[in-house]
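Please view the sequence and the structure before reading on.

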Amino acid sequence: PDALFSYPHSMLRLNLSHNNLTELPPEIGSLILLRDLDVSSNRLQKIDPAISTCIRLRRLSLSKNELVGVPSELNACVMLEEINLTNNKLEEIPESLATLPALSELRLDNNNLSQLPTSLSLMPTLSVFTCTDNNAALDEMIPAAIQSNSLIIK
């Protein structure tokens with residue numbers, strides 16, 4: 001509803017989970033102070049790149065949707081600490097996610113991933129990383145550099 005986007009300068013948290021949403025409108029980008037966005041358990045197939053203007057976003061839950069991709073522009077959300085992309089239809093993850101300086105938790109379980117960007121191994125703040133139940137065996141998917149880091153892989 002349009003009313004959600006009437007308070008762009010005051011909304012810090014937005015929970016739209018379990019609403020059978022098929023799209024996240026570009027107006028999401030008007031919520032410039034948003035810190036926590038939960039759109040899990042919907043029917044989203046894509047995320048509008050306008051989310052990249054939510055530069056104060058710290059937590060993003062996109063789990064249990066039908067996402068086939070993630071916008072590379074998400075790397076503009078430099079305060080992002082947690083991204084949950086579990087239980088989607090993702091086939092690849094953009095290299096640009098590895099440039100998120102504050103990202104400490106990345107969950108990619110139950111997707112259609114067959115490879116991961118090697119740049120994920122260069123993320124010094126990443127402490128929780130999960131990617132079980134994808135198309136390829138876990139050992140084949142995770143770049144050797146990630147396996148040798150002190151990441152928590154569940």
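A salt bridge is counted where a side-chain nitrogen of Lys or Arg lies within 4 Å of a carboxyl oxygen of Asp or Glu. The model is predicted, with local features needing pLDDT of at least 70 and side-chain atom pairs pLDDT 80 or more, while totals for chains, interfaces and linings use all residues. Residues are numbered from 1 along each chain as its sequence is written, and side-chain values use heavy atoms, without hydrogens and water.

The whole structure contains 4 salt bridges, among them the following.

| Pair | Closest N to O distance |
|---|---|
| Arg59 and Glu82 | 3.9 Å |
| Glu105 and Arg107 | 2.8 Å |

Shared partners join Asp36, Arg59 and Glu82 into one network of salt bridges.

Relative accessible area, computed with a 1.4 Å probe on protein chains only, defines buried (under 20%), exposed (over 50%) and partly exposed (in between). Asp36 is buried at 17%, whereas Arg59 is partly exposed at 30%, and Glu82 is partly exposed at 28%.

A disulfide requires two cysteine sulfur atoms within 2.5 Å, and the structure holds 0 disulfides. For Cys77, the nearest cysteine sulfur is that of Cys54, 6.2 Å away. Cys77 is buried at 0% relative accessibility, and Cys131 is buried at 1%.
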